[in-house]
Amino acid sequence: MVSLPPPRTTEIYYDGSWHSVSVRESAAVKISRGVASAGTRADPTAATMTLGNRLGEVSVHDPQSPLWGKVGRNTPLRFSVSAGGPYLAFSSATAGTVSTPDHPSLAISGDLDVRADVAPTQWSSSAALVSRARSTGAQLAYLLYIDQAQRLGLAWWPTGAAASKKYAVSTATIPAYNGQRLAVRAVLDVNDGAGGCAVQFYYARRIPSDWWTPLGAPVTLAGTTSVFDGTAPLDLGDSDLTLVPSNELYGLGNFDGRMYGARVYDGATLKIDVRPAVQAVAGAGTFTDNGGRLWTVSGSSTLSNRHTRLEGEVPAWPPERHVSGADSTVAIAPAGIMRRLGIGKKPLDSAIRRYVSAASPIECWPLTDGTAAASGAALRGGSPLVVVPGGTYTWAGGTLADWVEPVLNVSNNGGRVLALTPSSSTATSRWSVEWAFSELTAGVIASVAERSTTGRTWNLTFDPAAKTIKLQTYAPAGGSIVDLTVPAAVYDTAAHHVRLTVFDGGAGWANADLYIDGVLAGSAAEPGVAAPPQSIDWLVLPSGGNCSLSMGYVTYWGTGEPPAADVYRALAGYPAETAGARITRLATEQGVPVHLDGEAAATELLDVQQRETFLDTLETASNSDLGFLLERRDARALLYRARHTLYTQSPAMTLDYSQGVISGELRPVDDDRLTRNDITVKRDGGSEYPAVLTTGRMSVQAPPAGVGQYDEAVTLSLAADGQAEGQAWWRLHLGTYEGLRYPRITVDLANPRAAALAHDLLAADVGDLIRLSNLPREYGPGDIDLIIRGYTEEVGAKAWRITFVCDPGAPWRVGIYDDAVYGKCDTSGSQLTAGITATATSVSVTTTAGLPWITTAAAPAEFPFTIAVGGEEMRVTAITGTGTTQTFTVVRSTNGVIKSHTAGTAVNVARPAVYAL
């Protein structure tokens, strides 16, 4: 048995640093994390633990305690365990290197392929990852590094001398948040066959990985090349090189973070394979890799196996004194930041209000005052906007858009609205005045009077009949008059935005730019210098009793105003914003730390941002994208794991049932909790699309042809009606998975066999894939893949268990272009021409629909591949025949199923490519 409890550290944060506190070993620490129920939004991370307080160590309510005034409600807490194989830890405070000396096996004779599995504290901090280079003695070979623009770079030297340096930098940034673990890779093709050389960069979630995603386009250089050998050692982490090869202005800093492994290939030959988790011991100064090379840990680098299991906040510190008086404890319940963020029920302000407030204008009058208002309050505390008696004004009676607060409406008799602009030094030579409006059916003259001796005003005349806006100036002393008339498609019920920007153009001219809905509509110039505004005046003119204008967010900017396009996009509610971008933008506006796991551009396009609570708004985005909205385990921050990161993953860990690493009884469930075969997806405010499975074992047909109808209707925030179709079919795909469910998988780390997997178990997180292998026959053939939705963990003196809450992972296996396993399209219809025995290796297959199968003669590179016949998987090594009946040469029972098959049995690709959402 493994000794319990494992080494663990509990710390609270005060006085600018972390401080250890004692947890009672008699009371287990219990943690729950992730999305335990349906949906995409996690419950707040929750934990329970008991702190010892016999000497008043955590008596936070005692004025005589040293923690008085330092620790209280929502004090940060961090809980870690030390177990399993180690990783390499580096600190940027001082240089740290893990190095092996020169050896003939380090030579690169052809193409170079170098990989590193790392979690930098900052991905945008320039640092070496893997290098074989010494800056003295012309011993420069190659260097894999990250730069300050969060790109991956590869430098190499054909002769070993500094002057021979060549390098390439990825054309795309590394899609990782600070502290995230990601594997990066650079492949140098020394001869691309076209007289040059090329470097392709990649990334994956870890090493090893079944496939790699290209990081931008290949970088091609003129001339073929080679990689110098020399006598330099191979270094992981810091290098003695002092400059980043891609930009000599930036220094190559010390690597800060974790490294889980590294590999170097000479062409397809693996030369270096560093995996500390299985090769080293925590705290050691050296270790030996699988090739027999000795690695020395020096400087700030260490071999550590400490894993943060929770970083959260402590909402309360209730003391408890034992009845004997001999003992005192504090039972606390640390939680993730979602607990605190989810307490309020107040909807967020509209996107336009949040944007303007954050941008800090000189002044803004939102005109969102209540129905009993007599004037419009200034957002930044200045003089209110007033309405002139005699007009018809309805406060909170105007509508800009459904997602914007009600605003002032001027109707019937028209009216006049006046705002006095405050004096500001930021507007002496450049200023902007803008406002939002809708339902404009009346003529309006908007005037901005300058704070100058000339008394000049800038007038905008809105003409609904001509559908134009005219810019003119007027000065009592006379002078030139700007006359700019532009067409304006603003006379409808939609929300619109107009901005007038005036600035010194030089040579005695004042320039004016007119923006309509964020786009520059026209420019003009007026003799004289620009002067800041004194007042803004709207005159709404009734026309035959048909008069209406809803207006709001009158805003005055000085120099450095935000782009008009950005303000208009906020007014429009950020239409067609990606889910990843919305989540990060809203959290940033709210002052909440947030991290995106994935690429924002690959997430779903959303409709306008509605007014919901903060977390509900984020959940609306995650529901449309089908990712996971949760908290980071190792930081007090939100984390969004995008849907596309769940597709076709390499397993974070493999649990071999035959090795006894799964605790208790493994109880698969054959139920219909997730079954949905009739799904209608509606775009919120738009059209809908139904997807129904009409044939097959999971179809809406009555049993036994199908399973009957399981219907569901979902309303989502989508940018366009056409997205509903893809959403419906993907959700139908998820809802018609036929296999068993494994809702809970428990691993007992007190079991030595499971403890040997501690490194992978403790690294696995929500959204990762678990693979179960060597399951009993009655559970079905082959391995089972599961997606982690959440987990509970108990760490104590009597037990250390992790129970993973899982969903089926098979539906998330999607096609990968040109991949040998997941890049094969399925047949439209094929079956056995005749029955076969359990040992037959020549199989006749008839195509009943669509094209015949590929042949070995036509496409030899596509072989071998795997087919499924009656639950048995066979590896196809050759196909002959070009008609509808062909002969397959196969290797039988590759998934352990041994049986004969009758004529007419369906033949399919074992893992056909599935088109992802």
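Student: Which residues does Ser301 touch, not counting residues up to four places away in sequence?

Tutor: Contact means heavy atoms within 4.5 Å. By that criterion, Ser301 touches Ala89, Phe90, Gly96, Thr97 and Val98, once residues up to four places away in sequence are set aside. Before we continue, note that this is a predicted model, in which local features need pLDDT of at least 70, side-chain atom pairs count only at pLDDT 80 or more, and totals for chains, interfaces and linings use all residues. Residues are numbered from 1 along each chain as its sequence is written, and side-chain values use heavy atoms, with hydrogens and water left out.

Student: Is Ser301 buried or exposed?

Tutor: Buried means under 20% relative accessible area, exposed over 50%, and partly exposed in between (1.4 Å probe, protein chains only). Ser301 has 4% relative accessibility and therefore counts as buried. Ser301 belongs to the loop between strand 20 (294-299) and strand 21 (302-314). Helices (H or I, at least four residues) and strands (E, at least two) are DSSP runs, numbered from the N terminus.

Student: What does the side chain of Ser301 reach?

Tutor: A polar contact is a pair of N or O atoms within 3.5 Å; within protein, one must be able to donate a hydrogen and the other to accept it, and residues adjacent in sequence count only if both atoms are side-chain atoms. Here the side chain of Ser301 reaches the backbone oxygen of Ser298 at 2.5 Å.

Student: Turning to strands, why is strand 52 described as largely enclosed?

Tutor: Strand 52 (residues 800-808) has 8 of its 9 residues buried, so the rest of the structure largely encloses it. Two strands pair if DSSP finds at least two bridges between them. Strand 49 (residues 744-748) pairs with strand 52 in the antiparallel sense over 5 bridges, with Val747 bridging to Ile802. Strand 51 (residues 784-795) is also antiparallel to strand 52, through 9 bridges, and Tyr791 has Phe804 as its bridge partner. Strands 51 and 52 form a hairpin with 4 residues between them.

Student: Which residues in the largest nonpolar core touch the most other members?

Tutor: A nonpolar core is a set of buried Ala, Val, Leu, Ile, Met, Phe, Trp, Tyr and Cys residues joined through side-chain atoms within 4.5 Å. The largest has 52 residues, and those touching the most other members are Phe79, Trp317, Leu655, Tyr742, Ile745, Leu772 and Phe804. Strand 51 gives the most to this core, with 5 residues. As for Leu655, the residues it touches beyond four places in sequence include Ile745, Val747 and Leu772. A second, separate core of 50 residues includes Val410, Phe462, Tyr491 and Leu549.

Student: How is the packing of two helices read?

Tutor: Axes are lines fitted to C-alpha atoms, for helices over the stretch in contact, and angles run from 0 to 180 degrees between N-to-C directions. The axes of helix 3 (residues 351-359) and helix 4 (residues 564-571) come within 7 Å and cross at roughly 145°. Ala351, Ile352 and Tyr355 of helix 3 meet Asp566, Val567, Ala570 and Leu571 of helix 4. Sorted by class, this contact has 6 nonpolar, no polar and 1 charged residues. In this sorting, Ala, Val, Leu, Ile, Met, Phe, Trp, Tyr, Cys and Pro count as nonpolar, Asp, Glu, Lys and Arg as charged, and the others, Gly among them, as polar.

Student: What else do the buried residues of helix 3 pack against?

Tutor: Besides helix 4, they pack against strand 24 (363-365), strand 39 (548-557) and helix 5 (579-590). The buried residues in question are Ala351, Ile352, Arg353, Arg354, Tyr355 and Val356. Just after helix 3, Ser360 takes a positive phi of about 55°.

Student: In what order do the strands of the open sheet stand?

Tutor: The 6 strands run 53-54-57-56-55-58, with antiparallel pairing. Strand 53 (830-832) and strand 58 (907-909) each have a single partner strand, so one side of each is left without a neighbour in the sheet. The twist averages 45° from one strand to the next. Within the sheet, 5 bridges join strand 55 (residues 865-869) to strand 56 (residues 872-880), and Thr866 stands opposite Arg875.

Student: How many helices and strands has the chain?

Tutor: The chain has 9 helices and 58 strands, and buried residues make up 53% of its 917 residues.
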